[in-house]
Each structure stands twice: as C-alpha cells, then as structure tokens.
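Visitor: I'd like to learn how to read the charged side chains in a structure like this one. Could you walk me through it?

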Amino acid sequence: MKNLDTRDSGGANQWRQIMNEGFRNLQTKVGCMSDGQFGPKTAKGIMKYYEMSSERAAHFLGQVCIESMNFQAVEENLNYSVDALMKVFGRYFETPADAKPYSRNPQALANYVYMDKNRSKKSQLGNTRPGDGWAFRGRGFCQITGRANVRKFASDMRLPEVMDEPHLIASHYPMESALWYFNNRRGLWKICDEGVSEDTCKRVTKKVNGGYNHLDERTEQTFRIYEWLK
C-alpha cells in the first residue's frame, strides 16, 4: 500500500469531490446517514453490512482509516510539485529537472511511473497498453493500482464492468476493494481473530503495510474503533 502523507493539496477540490462520492455511497449502502463523516454509527454499519466480528472490523477499519487518510482518499492524487515528486518517485528521476515535466501533470506522471516498461520486473503492474498507467491509477481505500490487480479484483468480485470503468472502484467499491486486499493477505484475518492488542496491531500492520509506518496511529485508531464496536 502507498504512503499517502506526501500528497499535494493541488487539485484538492476535484479530489475531495471524488472522496465525498465514494464515502457517501458507502454510508448509504450500509444504511447510515450520508454525511461524509466517519464515526461510531458508520463503523457499526460497516461491521453489520459486511458481517464482520468486532475484532475484525476494528483491525480492518483501523488500518484502512490510516491508509485512506481517514477515508478521504479513494483515488490517487497525482498532482505533485517537483519537490514532492523527488520524495515520492525519486527513483524515476535523477534530478529535479527530469521530474519537472511531470509536475502538476497527473496523467503524464501516471503514464510514466506506472507503465511496466519503466518498472522493475518485481514491481510490474500489467500496464502494457498506452494510457494504462492513468486508466488504472490507484483507487479504493487501499489504492488498487495497475491493470493486473484491477483485473484480479474484478474477477474475484464478479464485477466485470470495472475493467471498462475502473473509476467505479473509487465511486462505488472503495470498501470492497479494501476487503479484497485484506482477503488476499494470507493469514491476516487469523491475526485479527486473536483479538485487539498492541501485539496483534503490530502484526496486522506488518501484513498490511509491509513495515511499521504509522504504527502508533494505526494502533490508536484500532483501539478507538474497537471501543465503538465491542
């Protein structure tokens, strides 16, 4: 999953509109007031709708809350300054001058950094057709990125329309995509079932994040949500 902290504020209004649509649609789906705010009622609605135990829901929502910037990020904001580009995508640019053509140019940036021809074999995303990088940029509360990952999501969830309209992941299936991500991390739900503790939060974070970025915040959120749900 991506570290979202260095995102720019450029294009914030459009990005916020996308966020509001995705999260409000989720609230409507789970039977909550569509106010765009994440709180106890929405957490309980999500737990009930997706038939999760309080332990699973607390771990899941605690992690997703951090990954999605408190459910604000349902689509990647690639409107970066040169400085931010060097921090986030520095391995693609030797100098700030190299990054400048992609600054404040989200479509060009996605079609550069997310195309398989520009990536290592280990990090390829199945983006081989012109425009795939932009078309299959990160979407959903866990930022599914790349044609290959979107294809697997669409197949597993029996949502073939997503391949032709990947924006639906942001607007209609941001939570389903996050659940799909959790379902595909071997042993993750088993750890959640062990209960909510500092140890399980740390182990879940490792599975989700690949490291321990924002471990304290993830733990705090998980415990807070668990108090709402248990």
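**Reading the charges**

Guide: Let's start with a pair: Glu194 and Arg203 join their side chains in a salt bridge, with 2.9 Å from N to O. A salt bridge here means a side-chain nitrogen of Lys or Arg within 4 Å of a carboxyl oxygen of Asp or Glu. Keep in mind that this is a predicted model, where local features need pLDDT of at least 70, side-chain atom pairs count only at pLDDT 80 or more, and totals for chains, interfaces and linings use all residues. Residues are numbered from 1 along each chain as its sequence is written, and side-chain values use heavy atoms, leaving out hydrogens and water.

Visitor: What is the idea behind such pairs, and which other residue forms a salt bridge with Arg203?

Guide: In general, side chains of opposite charge can pair when their charged atoms come close. Here, Asp199 also bridges to Arg203, and their closest N and O atoms are 2.9 Å apart. Asp199 and Arg203 sit in helix α13, 4 residues apart, or about one turn of the helix. (Helices are DSSP runs of H or I with at least four residues, strands are runs of E with at least two, and both are numbered from the N terminus.)

Visitor: Is Arg203 buried, exposed or partly exposed?

Guide: Buried means under 20% relative accessible area, exposed means over 50%, and partly exposed is in between, using a 1.4 Å probe and protein chains only. Arg203 counts as partly exposed because its relative accessibility is 30%. Glu194, at 47%, is partly exposed too, and so is Asp199 at 46%.

Visitor: Where do Lys152 and Asp156 lie?

Guide: Both are in helix α8 (residues 147-156), 4 residues apart, about one turn of the helix. Lys152 is partly exposed at 39%, and Asp156 is partly exposed at 41%.

Visitor: How many salt bridges does a search of the whole structure find?

Guide: It finds 10 salt bridges. Some link up: Glu75, Arg137 and Arg139 are joined in a network of them.

Visitor: And which residues form the negative surface patch?

Guide: A patch takes residues with over 30% relative accessible area and no salt bridge, joining like charges within 9 Å and nonpolar side chains (Val, Leu, Ile, Met, Phe, Trp, Tyr) within 5 Å. Here, Glu198, Asp216, Glu217 and Glu220 make up the negative one. Helix α14 (residues 215-229) gives the most, with 3 residues. Glu198 belongs to helix α13 (residues 198-209) and counts as exposed, at 63% relative accessibility.

Terms used: Accessible areas come from the Shrake-Rupley method with a 1.4 Å probe; for residues, only the protein chains shown count as cover. Lys and Arg count as positive and Asp and Glu as negative; His and the chain ends are not counted. The place of a charge is taken as NZ of Lys, CZ of Arg, CG of Asp or CD of Glu.
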